Amino acid sequence: MAPRGDDDDDNNNNKLTLTPLPPFKPDLYERAWQSVPHPTLPLLATCHQKSVTVFSLSTLSSHSALTNGHERSVRSAAWKPNLPPHNLCLVTGSFDSTAGLWRWEDEGQGEDGLEVEITGRKKKDSQDGGDKDWELIVVLDGHDSEIKSVAFSPSGQYLATCSRDKSVWIWEDVGSSEADDEWETVAVLNEHEGDVKAVAWCPDNTSRSNRGRYSSDVLASASYDDTVRIWREDGEGEWICVAVLEGHAGTVWGVQFEPAKDIGHFPRLLTWGADRTIRVWTLKEEEDETEDAPRHAWGGLGGIPNTMRRSLKEEWVCTAVLPAAHSRDIYSAAWSAETGLVASTGSDGHIIVYREEEDAEDEAAAQLDGDIVMNNGDANKPDASKLWKIVATMPGAHGPYEVNHVTWCKRYDSGCPPEQRGVEEMLVTTGDDGIVRPWQVS
């Protein structure tokens, strides 16, 4: 089906084309929830049923599988960052209310060796797909109901899990070394009034302004209670809610911090949900009277008395509502660190791609100053930002099936010119049909 666009004809030169690439093999033949690219290696982890299939982005075929660790469906997965190439670590979150930490190691492989292993692997046993390479090391339990999302902090020190039990748990890696897998619960956050659908950490973007003043340990959570909460660790190691973002008129299905580098401001927040809107939120940064640093900055917490620190709040303002394009719940959206493009998908089976215009920051500044007022309360008639444009639309991306997830990831396949491998981005969608489908964006 040919992609179409919804903008004015005079903007057609800015349009993008979504072209389906050959789907990953084998087909999973059952509902798949999510596909998560490895941060540095050509690997993609897809959650389905009680297992995870790891695909090679080079061959678009199965590399290995994680099985026999959960009693119910695996809903979410996250790669642990900052590990050497021969050491893979994946955490899975399951409807059985547990999270599993898995490892795949080959000490004999250097970086080049693992690359060969990933791109040219031959299964010894086509029946098991090499799943014996993965070992379940630790089971993290404590939630009372289904785990919906798992996420590592940028350093890998913390793991956040969230659940239908309305709580967010934060776990800390307290092992003496990477090989010492010992995790302990450091916070149980119970302020949401409904099922917590997703968690996301703020990226550790040390190149932004006020470098070193912000903690990388900033967590956002999205909930069935129609809100997003922002959490920070205070100077005494207590995790506190510093902001409640209200504006969605339905379940907030997901959240992601702005991933781009060198942005010159604190990363914005992208949220999406059942009200069929995608919203951008900006932190209102206030200069401290006695120190050239924002009041919410990490460095300012230490000197605040504990009674005051508990009431410390941040103000986040909805500075954009992306153009309406979906007819049903938006289940997933992804913000590209490379291009700044946003892609979304959901219950209507459509893929929509949006681009932010270069002068969008002027509109955001006007929002923060109160010169423009966003209609945050009425989901049926949101005041869409004029500086976000729809640049591609693909209806029926998985035929009649719902699409549960979309993500950006680098291309390494043979259809990509060699000089563009590991550079060019593609979209990957995951649906109820059990197909993991890559899309060329051009």
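In strand S8, Leu101 is the bridge partner of Val91. The model that shows this pairing is a predicted one. Strand S7 covers residues 87-94, and strand S8 covers residues 98-105. S7 and S8 pair in the antiparallel sense, over seven bridges. Strands of a sheet pair through backbone hydrogen bonds, and the pairing can be parallel or antiparallel.

Now look at the turn of this hairpin. Three residues stand between S7 and S8. Ser97 takes a positive phi there, near 75 degrees.

S8 has another partner to follow. Six bridges join S8 to strand S9, residues 135-141. S8 and S9 also run antiparallel. Arg103 has Glu135 in S9 as its bridge partner. How many of the eight residues of S8 are buried? Seven are, so the strand is mostly covered.

Next, move along the chain to an open sheet. Four strands form it, in the order S14-S15-S16-S17, with antiparallel pairing. Which strands are the edge strands? They are S14 and S17, and each pairs on one side only. S17 spans residues 239-246. Neighbouring strands of this sheet are turned by 25 degrees against each other on average, direction ignored.

Zoom in on S16 and S17. S16 spans residues 227-233. Seven bridges join S16 to S17, and the two run antiparallel. Val228 has Leu245 in S17 as its bridge partner. In a regular strand, side chains alternate between the two faces of the sheet.

Val228 and Leu245 turn up again in the largest nonpolar core, which has 21 residues. Both are among the residues with the most contacts inside this core, together with Ile230, Phe257, Leu269 and Trp316. Several elements give two or more residues to the core: S15, S16, S17, S18, S20 and S21. Which element gives the largest share? S17 does, with four residues.

Leaving out residues up to four places away in sequence, Val228 touches residues including Ala220, Ala222, Leu245, Val255 and Leu269. Another core lies apart from the largest one. This other core has 18 residues, among them Leu41, Val52, Leu88 and Trp134.

Finally, turn to the aromatic rings. A search of the whole structure finds 12 aromatic pairs. Tyr158 and Trp201 make one of them. Their ring centres are 6.2 Å apart and their planes are at 15 degrees. Why does this pair count as stacked? The planes are under 30 degrees apart, so the pair meets the cut-off for stacking.

Tyr158 lies in strand S11, residues 158-163. Trp201 lies in strand S14, residues 196-201, so the pair ties together parts that are 43 residues apart in sequence.

Compare a pair with another geometry. Trp335 and Trp388 are edge-to-face, at 6.1 Å centre to centre and 70 degrees between the planes. Trp335 lies in strand S22, residues 330-335, and Trp388 lies in strand S25, residues 388-394. The pair therefore ties together parts that are 53 residues apart in sequence. Trp335 and Trp388 are both buried.

One more grouping brings us back to the rings of Tyr158 and Trp201. With Trp239, they form one aromatic cluster.

Terms used. Residues are numbered from 1 along each chain as its sequence is written. This is a predicted model: local features need pLDDT of at least 70, side-chain atom pairs count only at pLDDT 80 or more; totals for chains, interfaces and linings use all residues. Side-chain values use heavy atoms; hydrogens and water are left out. Rings of Phe, Tyr and Trp (its six-membered ring) pair if their centres lie within 6.5 Å; planes under 30 degrees apart count as stacked, over 60 as edge-to-face and the rest as tilted. Buried means under 20% relative accessible area, exposed over 50%, partly exposed in between (1.4 Å probe, protein chains only). Two strands pair if DSSP finds at least two bridges between them. Axes are lines fitted to C-alpha atoms, for helices over the stretch in contact, and angles run from 0 to 180 degrees between N-to-C directions. A nonpolar core is a set of buried Ala, Val, Leu, Ile, Met, Phe, Trp, Tyr and Cys residues joined through side-chain atoms within 4.5 Å. Contact means heavy atoms within 4.5 Å.
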